[in-house]
Amino acid sequence: MILLENFTPSTLFIGKRFIYLDEINSTNDYATKMLLREKTLEGTAIFTDSQTNGRGQQQNSWQSEPKKNIAISFILYPNFLPAEKQFYLNQAISLAVFDSIKKIIDGVKIKWPNDILIKGRKTAGILIENSLSGKKINSSIIGIGINVNQISFPDEIKNATSLKIENQKKNHQKDDDFHLLNMVHILCQETENRYLQLREGKYDLLKRDYLNALYCYQELHQFQTSEGIFNGQILGVGDEGKMIVGVNGKLKSFAFKEITFL
Ligand code: BTN
């Protein structure tokens with residue numbers, strides 16, 4: 001483990017303690033083990049050049065070519081946030097990743113609940129693992145994977161892209177790689193900015209910005225549930241995180257596993 005002391009983001013606490021690992025199975029798993037040993041500084045970042053067993057949502061894996069991408073976890077203690085407002089943490093982090101990527105490229109959207117797309121293709125994923133004590137969040141591990149300089153993906157990974165692929169499309173030429181640690185700086189700043197908004201209780205602002213960034217918001221789109229395929233319009237998200245879809249003049253709410261975008 002190397003503590004990067006020359007990594008000095010201009011933040012108050014996010015990334016101030018920065019742990020750089022050449023290789024690790026999963027930065028989220030490393031953070032989990034760390035939390036069992038010590039209550040490390042809030043904002044501690046764990047970054048690796050090579051994640052060998054990255055985890056995604058719903059027990060999926062997250063694959064990332066060594067030295068090409070960002071795989072990072074932040075440790076936070078959002079104990080000011082009631083457990084029933086957990087989804088606001090998801091909105092704040094999704095917005096932080098969205099804000100960071102938007103500084104670099106156009107066409108960024110958040111696909112509910114927390115995939116980050118560029119022109120409809122997935123470029124970043126977020127895995128938030130909360131530990132609850134009663135009605136409060138004790139600690140939260142914020143895992144973020146961003147495809148940055150990878151230019152090809154295994155066949156089984158559908159609809160993936162990277163900043164480099166999208167930048168090449170835009171500029172019709174081969175570009176240099178993006179500088180990963182510069183991007184991590186931006187990510188630390190944007191994460192702190194959105195996390196402070198959350199801490200200040202700016203729920204309306206976070207929800208408004210999240211909806212404005214949402215993929216297919218208020219557009220007619222095709223979805224699939226256990227009841228079949230239908231067209232609907234995303235009209236909002238509930239405080240508990242369900243997606244609210246207008247279907248034939250009626251509002252319906254869906255949890256993450258209950259609905260698929262087609
Ligand atoms: C997803 O979209 O399925 C979420 C992907 C989250 C990947 C990141 S990479 C850093 C952190 N460590 C992990 O094992 N997963 C997250």
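How many residues lie between E13 and E14 in their hairpin, and which residue in the turn has a positive phi? The structure is a predicted model, so local features need pLDDT of at least 70, side-chain atom pairs count only at pLDDT 80 or more, and totals for chains, interfaces and linings use all residues. Residues are numbered from 1 along each chain as its sequence is written, and side-chain values use heavy atoms, with hydrogens and water left out.

Back to that hairpin: two residues sit between E13 and E14, and Asn 248 in the turn has a positive phi of about 50°. Strands here are DSSP runs of type E with at least two residues, helices are H or I runs with at least four, and both are numbered from the N terminus. E13 covers residues 243–247 and E14 residues 250–254; the two run antiparallel and are joined by five bridges. Strands count as paired if DSSP finds at least two bridges between them. Met 243 stands opposite Phe 254 in E14.

Next comes helix H4, residues 180–199. Buried residues (under 20% relative accessible area, 1.4 Å probe, protein chains only) in H4 include Leu 180, Met 183, Val 184, Leu 187 and Cys 188. Just after H4, Gly 201 takes a positive phi of about 75°.

Then there are the pockets. A pocket is an open set of points on a 1 Å grid over the protein atoms alone, where a 1.4 Å probe fits, with protein on both sides within 12 Å along at least five of seven lines; lining residues have an atom within 4 Å of a point. A volume is the space filled by probe spheres set on the points, which are joined across faces, edges and corners.

The largest pocket has a volume of about 1000 Å³. Of its 45 lining residues, Gln 57, Asn 60, Trp 62, Asp 115 and Lys 122 lie nearest its centre. E9 gives the most to this lining, with four residues. The second largest pocket holds about 560 Å³ of space and is lined by 20 residues, with Phe 87, Asn 90, Asn 114, Ile 128 and Phe 256 nearest its centre. Here too E9 supplies the largest share of the lining, five residues, and helix H2 (86–102) supplies at least two.

Notes:
Buried < 20%, exposed > 50% of the residue type's maximum accessible area, 1.4 Å probe, protein only.
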